[in-house]
Amino acid sequence: MYKRFNFLFLLVVLLLAFNVSFTISQNTISVNYNVQRNYNSFEECGLNGEPVCTSLEDAGNRAILLSKTSNPTNYINIIGNIDGSTPVTFGNLYNYCGKLFIRSSDSNVNININGSNSTQQPFLTIQEADQPNSTFPCSIPRIFQFQYINFTNWDQTIVNININQETNLNSVNPSKSLTVYFQLVNIISSSSILKIYPKNLGENYNLQAIKVAFISTIGIDLKSSSVLFSPNSSQYYLPPIYLVGASVIRILSLSDSTFESTPFIFSDNGGVSSGGSDVSNNNFSSNPFIMAINGGTVVLPILSFTNNILSTFIYFSNFYNQPLIQATFSNNLFGNSSIQNSKFMEHEYENSIIVIKDSDFSTLDLLGYSILNQNTISNNLIFIVNSSFNLDNSVIRSPMLAPQNIINSINSSVSIINFNLTISELPIVGFNSNIHLFSSVFTNDVYCGCQGCSFYIQSDLVDPTEYLSQCNI
């Protein structure tokens, strides 16, 4: 009885294995740029028993055909490196419906895709046509997953998304649902990773409709673009990650990169989240690591930020959702004396680690649970204008080196809770602000730098005039 059971179990396993193998053989499209083309049309290449496709565009078109006629999940296996001697692009895969894996044919070896000559088109485009009824509507979400790939020398955008984005905040139409995964991918010596820009610009978007996740993915030797401009600009270059009305639900790790003219991430009414990312040994010059404007979300629960050179970690403008920053900052060099007159588009930079403009973060502390340890800080901790927020030092779990000023507040309301303000000779500067001090340690110097400001200890208004004569400014 026992032997019979083993035999039946083995038979079932073999049948299942055969079925999986057969299924994969029916929806796996092979691509090899290193062989001669041996077919007439994309309809004749890639599948088992057919010549391999010799371009990603042919493989993508074959995948679209399969998704329409038989399989909602397909695989494109890339055999061998693509050396960049010719342009490399999928073209527009908007008409693909379902899930598409784009990967090395060997899961043990990342293949190299060189973009040196791919200067005219992005690697992958998802673009909705302007003309009605000229594209294929999807009844299921689109999912694209890159695996085991090294993207090198990409100055053209790797993934470009330009569709009518979802404006229903309560649900997502499958035709507007799009997810892109980068899994076990390296992006090397490149400048434009992701651009998401809606056709229906100016709406309020459902940030769950378009999502991008970088899983075990790192950017190495990245840079600001010097050839691609941001949308509607002929002056400001395109940041490596540019998104409007969409979400990066997990950012990539980043090392040994230099950004001379753009933020690393620019989010306009978008979502930015981290998960175990490591950002180290980068030079951001005067540019923010993240610039978040016009609403959206910023959630950085697990982020290691180490050995970087920069002035501003994150820049908020017209932002009203409470951010969450639980990062570890170690051995960074904060401050840039040449930041004056620098800006990205209409957003003027400030020499401060956190910049808050026209925003409201009054409900919770901003740097919740962050660790500021062994950093060199020669600028302000926070610059705030026309805004409000709480700074609660009880949740900053390591001592930080003294910033130039802790707060530079202009026309704002600031609550400082359980903070040792004596670490700075002039902790609060600015003008025309309300400063609320709760359970904080300070000297009379706290009143010296903020002109026309109202100070409150607990809830009691303080008349600082008797202290101003003691100020040495």
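The model is predicted; local features require pLDDT of at least 70 and side-chain atom pairs pLDDT 80 or more, while totals for chains, interfaces and linings use all residues. Residues are numbered from 1 along each chain as its sequence is written, and side-chain values use heavy atoms, without hydrogens or water.

A nonpolar core is a set of buried Ala, Val, Leu, Ile, Met, Phe, Trp, Tyr and Cys residues joined through side-chain atoms within 4.5 Å, where buried means under 20% relative accessible area (1.4 Å probe, protein chains only). The largest such core holds 103 residues, and F123, F146, F151, F182, F289 and F313 touch the most other members. Strand β18 (residues 290–306) contributes the most, with six residues; strands are DSSP runs of E, at least two residues, numbered from the N terminus. Beyond its neighbours within four places in sequence, F123 has contacts (heavy atoms within 4.5 Å) that include F146, F151 and W154. A second, separate core of 19 residues includes Y197, F266, M345 and Y349.

Three disulfides are present, each a pair of cysteine sulfur atoms within 2.5 Å. C45 and C53 are joined with an S to S distance of 2.0 Å, and their link is right-handed, with 85° about the S-S bond. The link of C97 and C138 is left-handed, at -85°; this pair connects distant parts of the chain, 41 residues apart. The sulfur atoms of C450 and C453 lie 1.9 Å apart, and this link is left-handed, at -50°.

Terms used
Buried means under 20% relative accessible area, exposed over 50%, partly exposed in between (1.4 Å probe, protein chains only). Helices (H or I, at least four residues) and strands (E, at least two) are DSSP runs, numbered from the N terminus.
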